[in-house]
Every structure is written in structure tokens, then in C-alpha cells.
Amino acid sequence: MKVVQCWDDGIHADIRLIEILRKHQATATFNLNASKHTAHRSFGRIYQDTEIWLLGLDELNDVYEGFTIANHSLTHPHLENIPVADARYEISENRKQLQDIFQQPIDGFAYPFGTYNDAVKDLLKEEGHVYGRTVKNALPILPPSEGPMAFHPTCKFNTPDFKKIFAQAKAAGDAFYFWGHSYEMVTEEMWQAFEDNIAFINEDPDTEWVEICDLFR
Ligand SMILES: [Zn+2]
């Protein structure tokens with residue numbers, strides 16, 4: 001089974017996350033908003049008594065070295081609630097800026113807040129994206145029931161039934177896709193549980209970490 005994962009918002013906890021991913025040789029995509037990253041690391045907000053910091057432009061390339069970057073819009077708006085021309089700019093300008101920063105093709109998209117409508121889906125396609133990730137859960141995930149521009153992942157990384165859903169995905173189809181935000185891991189237990197799940201996936205000889213875009217190629 002092909003296994004993919006992605007993480008949103010470009011925050012400092014991605015550094016710890018990536019250490020774990022490198023240790024277990026897992027691929028991943030990171031969905032970023034170029035306008036959120038200033039020259040140096042900057043304070044974002046508090047989540048469950050923990051500070052969230054946005055990574056700085058001076059560290060992005062080092063942090064994400066070897067990983068795939070995808071489009072998450074320029075400023076993280078509800079794209080379906082703004083004029084179509086503005087939504088197009090959010091999508092196309094972020095893609096351009098991320099390509100400039102990372103010098104890699106930016107072909108994937110994750111909807112800010114997971115929300116979209118038909119017009120936004122059309123924009124993604126017109127701007128050359130391979131898929132648009134939602135925040136709904138689906139089984140099986142391929143082929144996407146509403147097309148690649150409404151690509152529903154399998155589950156969140158921290159769902160208590162992670163291992164059970166992994167088994168269901170294996171029985172239902174040929175791909176498993178989990179996602180989340182690294183800032184959601186606010187305790188050592190949560191980090192350990194996450195690493196255990198990665199190790200669990202690697203113990204299955206039938207699994208293979210792949211790039212999300214490769215699911216469509
Ligand atoms: Zn986001």
C-alpha cells in the first residue's frame with residue numbers, strides 16, 4: 001500500500017517532526033503560506049498553552065531539505081468567501097513564491113481550513129495543481145470520489161483509531177493518507193504516539209512511502 005502524509009502551516013514544531021520522519025525514512029509534504037514567513041522566526045499564537053512560531057525565511061530551506069512543499073494559499077483565507085480574482089491571486093502568487101523560495105515544482109494544494117467550492121476547485125486546476133486536499137476523511141481515497149481537486153485524506157495523524165483505520169485503508173484500496181499540524185502534539189506522549197505510528201507503518205512489508213502527486217501520475 002502506498003502511504004502519504006502532509007502537514008500544514010510551516011511552524012517550528014515541524015523541525016521535531018522532520019527529525020522523526022528522517023529517522024524512519026518517511027516522505028512527507030508540507031503545505032505552506034509564503035506570506036506567513038518573515039525574515040526570521042516569528043510568534044504566531046498560543047495553542048493549548050504552547051507557543052506556535054512561524055518558521056523564518058532564513059531557515060525554511062534547511063528545515064524542509066529533502067521534503068516536498070505544496071501550496072496552502074498566500075495568506076490562509078477562506079478561499080470560497082473572497083472574490084474569484086483574489087482567490088486566484090492567493091493560489092497563483094503563493095505557488096510562484098514557494099517555487100522561488102524552494103526551487104522545486106509546487107504541484108499540490110491543501111485548502112486553508114479545508115473549505116472550497118466549485119469555483120475554487122476550478123482555479124486550482126487552471127493554475128496547474130495536481131490535487132487539492134480537503135479535511136474530510138475517506139475510504140478508499142483513490143480514485144477521489146469528487147475528483148483530484150477535492151482529494152479527501154484517510155484520517156488525521158492523531159486519530160485514536162489510527163492503526164485500525166490503516167488496516168481498513170489497506171483492505172479498501174491501495175493508499176493511506178494522513179495529515180495534521182505538528183503543533184497539535186503538545187505532550188511527550190503525543191510525540192511518542194506519533195513516532196510509534198510511523199514505526200508501525202514501517203513494520204508492514206507491504207507499505208511504501210510515496211509522494212502525493214505520484215498517486216495521480
Ligand atoms: Zn492551514
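Reply: Start with a definition: helices (H or I, at least four residues) and strands (E, at least two) are DSSP runs, numbered from the N terminus. This is a predicted model, in which local features need pLDDT of at least 70, side-chain atom pairs count only at pLDDT 80 or more, and totals for chains, interfaces and linings use all residues. Residues are numbered from 1 along each chain as its sequence is written, and side-chain values use heavy atoms, with hydrogens and water left out.

Now the site. The zinc ion has the protein donors Asp9 (OD), His72 (NE2) and His76 (NE2), at 2.0 to 2.2 Å. Donors are N, O and S atoms within 2.8 Å of the metal (3.2 Å for Na, K and Ca); water is not among the atoms, so sites may look incomplete. Along the chain, the donor spacing reads D-x62-H-x3-H.

Take Asp9. It sits in the loop between β1 (2-8) and α1 (13-23). Its relative accessibility is 14%, so Asp9 counts as buried. Buried means under 20% relative accessible area, exposed over 50%, partly exposed in between (1.4 Å probe, protein chains only). His72 and His76 are both buried too. For His76, the relative accessible area is 16%.

Next, the backbone. Most residues other than glycine have a negative phi, and most peptide bonds are trans. Asp9 is not a glycine, yet its phi is positive, about 90 degrees. His76, also not a glycine, has a positive phi of about 65 degrees. His76 lies in the loop between β5 (68-71) and α3.

That brings us to α3. Helix α3 (residues 84-102) meets helix α4 (residues 118-126): their axes come within 10 Å and cross at roughly 40 degrees. Axes are lines fitted to C-alpha atoms, for helices over the stretch in contact, and angles run from 0 to 180 degrees between N-to-C directions. The pair α3 and α4 is therefore oblique. Angles under 35 degrees count as roughly parallel, over 145 as roughly antiparallel, 65 to 115 as roughly perpendicular and the rest as oblique.

Which residues make the contact? From α3 come Val84, Ala87, Arg88 and Ile91; from α4 come Ala119, Leu123, Leu124 and Glu126. Contact means heavy atoms within 4.5 Å. Six of these residues are nonpolar, none polar and two charged. Here Ala, Val, Leu, Ile, Met, Phe, Trp, Tyr, Cys and Pro count as nonpolar, Asp, Glu, Lys and Arg as charged, and the others, Gly among them, as polar.
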